[in-house]
Amino acid sequence: MQTQLLPMTANTYLVGEVEGLLLVDSGMPHENRKLLRYLGDKKPAALLLTHHHLDHVGGARMLWERFGLPIYAHPLDIPYICGDKRRPPFPPIPWLGDYIANSPRPLPKEALIPVEEGAFVLGWRVVHLPGHTPGQVGLLRQGTLLAGDALRVGPRGPWVPPAIVNHDTQEARRTVGKIARLEANTILVGHGPPTTIEAVRALAARLGL
Ligand SMILES: [Zn+2]
Ligand SMILES: [Zn+2]
């Protein structure tokens with residue numbers, strides 16, 4: 001199984017198997033050209049958006065227009081990706097934060113395929129990891145978990161993302177307990193280097209989960 005990191009504002013991953021290349025997340029809106037450069041002549045068979053934040057969905061509309069690929073996301077985050085709901089302001093400054101957070105061009109509803117816990121996308125099992133956003137999802141296959149922003153990894157290892165960027169931090173903490181119980185070895189995140197299930201289990205123990 002191949003897992004290639006495309007380093008942008010948020011880590012983007014290109015994972016490949018016989019079923020075809022799956023792109024996981026798509027960078028910021030201003031990183032579209034960089035993303036295309038990384039892809040080169042590789043055409044992803046599908047795109048999965050781990051959650052609705054602008055640093056993960058910024059290239060989705062461009063990829064859909066260019067490749068007409070299927071785009072998967074959790075039903076709780078689809079309204080933000082389609083423009084039916086406004087994303088919370090980020091940074092949390094009234095009008096500027098709202099403008100920045102909602103800068104990705106919305107996708108039409110027909111471009112999105114809803115996926116929930118237990119669904120499979122090109123051989124990867126979808127795991128619902130809510131809290132950071134309501135519909136944050138991860139993908140699990142052969143011991144590798146692509147966790148999106150359900151965890152953040154810094155110099156001292158994995159941690160719960162800061163409350164300022166979460167929809168519901170209590171739920172995000174419970175999600176750490178869920179990850180700790182998954183049959184995974186390596187965990188790849190949206191921000192920071194890879195981490196291990198042992199490090200996440202130690203964090204869950206410290207949080208009393
Ligand atoms: Zn992010
Ligand atoms: Zn995020």
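**Elements and overall shape**

I started with the secondary structure and counted 7 helices and 14 strands in the protein; helices are DSSP runs of H or I with at least four residues, strands are runs of E with at least two, and both are numbered from the N terminus. The model is predicted, so I kept to its limits: local features need pLDDT of at least 70, side-chain atom pairs count only at pLDDT 80 or more, and totals for chains, interfaces and linings use all residues. Residues are numbered from 1 along each chain as its sequence is written, while chains are lettered from A and ligands numbered from 1 in the order in which they are written.

Next I looked up the size. Along the principal axes, the C-alpha atoms fill a box of roughly 45 × 45 × 30 Å.

I then checked burial and found 40% of the 209 residues buried. A residue is buried if 20 or more other C-beta atoms lie within 10 Å of its own, exposed if 12 or fewer, and partly exposed in between, with C-beta atoms placed from the backbone. Of the contacts with a separation of 6 or more, 61% join residues 24 or more positions apart; a contact means C-beta atoms, placed from the backbone, within 7 Å.

**Helix H3**

Which residues of H3 (60-67) are buried? I noted Ala60, Arg61 and Leu63. They cover an arc of only 165° around the axis, which puts them on the same side of H3; the arc is that of the directions from the helix axis to the C-beta atoms. The buried residues of H3 pack against strand S4 (46-48), helix H2 (54-57) and strand S5 (71-73). After H3 comes Gly68, with a positive phi near 60°.

**Backbone in the loops**

I went through some loops next. The peptide bond from Phe90 to Pro91 is cis, with omega near -5°, and Pro91 sits in the loop between helix H4 (78-81) and helix H5 (94-101).

Leu122 is not a glycine, yet has a positive phi of about 45°. I found Leu122 in the loop between strand S7 (120-121) and strand S8 (124-128). Is Leu122 buried or exposed? Leu122 counts as buried because it has 20 C-beta neighbours inside 10 Å.

Gln142, also a residue other than glycine, has a positive phi near 45° and lies in the loop between strand S9 (137-141) and strand S10 (144-148). Gln142 is exposed, with 12 other C-beta atoms within 10 Å.

Methods:
Contact = placed C-beta atoms within 7 Å.
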